[in-house]
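Subject: Structure for your review

Dear colleague,

Please find the structure below, as discussed. My notes on what was found in it follow directly after.

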Amino acid sequence: MSRERVLVIGHRSPDSDAVCAAIGYAYFKNMVDRSRLYVACAAGPLNPETSYIVERFGLEPPVQVESVAATVADMTLSRPITLSPGHSILDAIRLIREKHLYSLPVVDAENRLVGVIDVELPPEIAGVLLSGILSDTLLLTLSTATEKDVTVAHRLGEMTGLDLAELGKELLAVSITTKGVSAREIVTRDFKEYQLLGKKIGVNQIMVLDEEELTAREGEIKYEMEQLFREGGYHLLVLLITNPLTRKGEEIWVQGEEEIVEKAFGVKVVDGKCHVPEVMSRKKDFIPRLAVALRR
Ligand SMILES: [Mn+2]
């Protein structure tokens, strides 16, 4: 009898964390639920970094999915299921499978925690998950990195014997190069659109290890920004250029109502460019500051 297939899928325009999380979660679900087949998918083509990660850890590339019509069921949280040391390993495995658990606290007669049984994580899955975290948090340096990210990354590092800084640099080298990348892609690769107090604002953030790579191509990149600005009917279009190694701040290229950026950061935009001396998360720092400026 063929098992029902369940697609495990992250967000559209998938980045490494979206794909790596899908791979990890599909693996986990296959371990705890043998009644179905969980298939890791990607909602779009893989970026070079993600392709590198999948290949580096010797895994099958995730299935490409064009569109899904899905509903997200609400999760129900219940009293934690526990086990006492007297139970057999078989009991534990049965419980993990039946109740779809990923870990099982073991408690003594007084309900004190004695230990935790985990689903085993093979090194290649652990490596993929670690890569996802390092990519998403820029080697745990972004302001959006949580304590949990840090704890889990270090634990995965211990499990795999991988050096976090080394692996992080490996990923940076693949993901960050703009050599051979078209100006259009530089402007749109990680593009996000916002509606802020009646303004349509498009922001792309791009990482470089050497700003020269972009300044040398300023003409064609600015041209693509102008095209996109007109096509999309934006009030403001922004390219944030971040160097994660020097961390000297953001080079900001602007098209449209540049006074919004000037007000938000107290800077002067000259020739469509300015510099802000802090490294920013688009979601946590940049967009909120624009919203504050627009409200004033
Ligand atoms: Mn993501």
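The second largest pocket has a lining of 40 residues, and those nearest its centre are Asp15, Asp17, Asp190, Lys192 and Arg282. Please bear in mind throughout that this is a predicted model. The volume of the second largest pocket is about 1200 Å³. Several elements each contribute two or more residues to its lining: strands E1 (4–12), E6 (192–196) and E7 (199–207), together with helices H1 (16–32), H2 (48–56), H4 (123–136), H6 (164–176) and H11 (282–295). The greatest contribution comes from H6, which supplies five residues. By residue class, the lining consists of 17 nonpolar, 11 polar and 12 charged residues.

H1 is mostly covered, with 13 of its 17 residues buried.

Two loop residues deserve a note on their backbone angles. Ser13 sits in the loop between E1 and H1. Its phi is near 45 degrees, which is a positive value in a residue other than glycine. Is Ser13 buried or exposed? With a relative accessible area of 62%, Ser13 is exposed, because this value is over the 50% cut-off.

Leu138 also has a positive phi, of about 50 degrees, although it is not a glycine. Leu138 is located in the loop between H4 and helix H5 (147–160). Its relative accessibility is 7%, so Leu138 counts as buried, the cut-off being under 20%. Beyond its neighbours within four places in sequence, Leu138 is in contact with Leu172, Met207 and Pro244.

Glu224 belongs to helix H9 (residues 218–232). Its relative accessible area is 17%, so Glu224 is buried. When residues up to four places away in sequence are not counted, Glu224 touches Ala183, Arg184 and Val187.

Gln255 is part of strand E9 (residues 250–256). Gln255 is buried as well, because its relative accessible area of 16% falls under the 20% cut-off. Which residues does Gln255 contact, leaving aside its neighbours within four places in sequence? They are Lys222, Met225, Glu226, Phe229, His235, Leu236 and Leu237.

With kind regards

Note on methods. Residues are numbered from 1 along each chain as its sequence is written. This is a predicted model: local features need pLDDT of at least 70, side-chain atom pairs count only at pLDDT 80 or more; totals for chains, interfaces and linings use all residues. Side-chain values use heavy atoms; hydrogens and water are left out. Helices (H or I, at least four residues) and strands (E, at least two) are DSSP runs, numbered from the N terminus. Buried means under 20% relative accessible area, exposed over 50%, partly exposed in between (1.4 Å probe, protein chains only). Contact means heavy atoms within 4.5 Å. On a 1 Å grid over the protein atoms alone, a cavity is a set of points where a 1.4 Å probe fits but cannot get out, and a pocket is an open set with protein on both sides within 12 Å along at least five of seven lines; lining residues have an atom within 4 Å of a point. Grid points are joined across faces, edges and corners, and a volume is the space filled by probe spheres set on the points. Ala, Val, Leu, Ile, Met, Phe, Trp, Tyr, Cys and Pro count as nonpolar, Asp, Glu, Lys and Arg as charged, and the others, Gly among them, as polar.
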